[in-house]
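This briefing covers a single structure, shown below. The notes are grouped by topic.

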Amino acid sequence: MKKKYVSNSQESVRMFKSDLLEVLSKVHFTVPIFIFMPVILFCTYKALFDVSIPVLTFFELFILGVFIWTFVEYIMHRFVFHYAPPDKPWAQRMHFIFHGVHHDYPSDAKRLVLPPSVSIPLATGFYFLFKAILPVNYIFGFFPGFLLGYLFYDISHYAIHHFNFKGALWKKIKQHHMLHHYQDPDKGYGVSSPFWDKIFRSDFIKK
């Protein structure tokens, strides 16, 4: 693996010899919205009008889904996307494909959100996992909240890298992620929120 660096280039290096794989590794930031918003709307309809989950229960499950997403986001970013032990070349290669390329080329707009080739299988796996854990039909209240949390993460990640924020809250969120990129990649794993970094003591000391 080459020495790590950060490039200001708007386009990252080619990752695959296969043209098909190379195309599948890039995605416009709006694509997750078109894929997952229909699923969110379908699950919401299913919960409220088909299986008739009480409205209050639906909102409780929905909020719980968003909250659980923030935890999953932190765990995946810290222990999956940053898994790159130096004595395992295959792990370093996988790290570069899934996340390292973003750290080397943080300005590449087409490698800021998860491509459907990754997000759809992950979402499917989480759906069946939560369906097995939750009471019958509760998945239709929980899963749309979980997916909305994911969409917020993906779109806000793009915005953090390409938008200039004026609001104090968004400035803090952007600062947190920029410190992860440019100060210490072993801290600041929360992208949409620094909450779990504070819980697990992986936050930055911010002045």
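In this predicted model, the axes of α2 and α5 come within 11 Å of each other and cross at roughly 25°. An angle under 35 degrees counts as roughly parallel, so α2 and α5 are roughly parallel to each other. The crossing in which α2 passes α5 is right-handed.

**Helix packing: α3 and α6**

- The axes of α3 and α6 (residues 139-162) lie 6 Å apart, and the two helices pack at an angle of about 45°.
- That angle makes α3 and α6 oblique to each other.
- The crossing of α3 and α6 is right-handed.

- T57 is located in helix α3.
- T57 has a relative accessibility of 19% and therefore counts as buried, the cut-off for buried being under 20%.
- Between T57 and A47, ten residues apart in sequence, the C-alpha to C-alpha distance is 9.9 Å.
- I160 belongs to helix α6.
- The relative accessible area of I160 is 0%, so I160 is buried.
- I160 and K171 are eleven residues apart along the chain, and their C-alpha atoms are separated by 8.8 Å.

**Nonpolar surface patch**

- L64, F67, F71, F195, I199 and F200 make a nonpolar surface patch of about 510 Å².
- Two helices, α3 (55-81) and α8 (195-199), each supply at least two residues of this patch.
- The largest share comes from α3, with three residues.
- L64, one of the patch residues, sits in helix α3.
- With 37% relative accessibility, L64 counts as partly exposed.

**Salt bridges**

There are four salt bridges in the structure. Among them are the following pairs.

- R111 and E22:
  - The side chains of R111 and E22 form a salt bridge with an N to O distance of 3.0 Å.
  - R111 lies in the loop between α4 (89-104) and α5 (116-133), while E22 is in helix α1 (residues 19-24), so the pair ties together parts that are 89 residues apart in sequence.
  - Both R111 and E22 are buried.
- D50 and K46:
  - In the salt bridge between the side chains of D50 and K46, the N to O distance is 2.8 Å.
  - D50 and K46 are four residues apart in helix α2 (residues 31-50), which means that about one helical turn separates them.
  - D50 counts as partly exposed at 43% relative accessibility, and K46 counts as partly exposed at 23%.
- D19 and R14:
  - The closest N and O atoms of the salt bridge between D19 and R14 are 2.5 Å apart.
  - D19 has 54% relative accessibility and so counts as exposed, the cut-off for exposed being over 50%.
  - R14 has 48% relative accessibility and so counts as partly exposed.

Most residues other than glycine have a negative phi.

- N137:
  - The position of N137 is in the loop between α5 and α6.
  - N137 has a relative accessible area of 32% and is therefore partly exposed.
- R201:
  - R201 is found in the segment after α8.
  - With a relative accessible area of 78%, R201 is exposed.

Conventions: Residues are numbered from 1 along each chain as its sequence is written. This is a predicted model: local features need pLDDT of at least 70, side-chain atom pairs count only at pLDDT 80 or more; totals for chains, interfaces and linings use all residues. Side-chain values use heavy atoms; hydrogens and water are left out. Patches are made of residues with over 30% relative accessible area and no salt bridge: like charges are joined within 9 Å, nonpolar side chains (Val, Leu, Ile, Met, Phe, Trp, Tyr) within 5 Å. Accessible areas come from the Shrake-Rupley method with a 1.4 Å probe; for residues, only the protein chains shown count as cover. Buried means under 20% relative accessible area, exposed over 50%, partly exposed in between (1.4 Å probe, protein chains only). Axes are lines fitted to C-alpha atoms, for helices over the stretch in contact, and angles run from 0 to 180 degrees between N-to-C directions. Angles under 35 degrees count as roughly parallel, over 145 as roughly antiparallel, 65 to 115 as roughly perpendicular and the rest as oblique. A crossing is left-handed if the near helix is turned anticlockwise from the far one by less than a right angle, and right-handed if clockwise.
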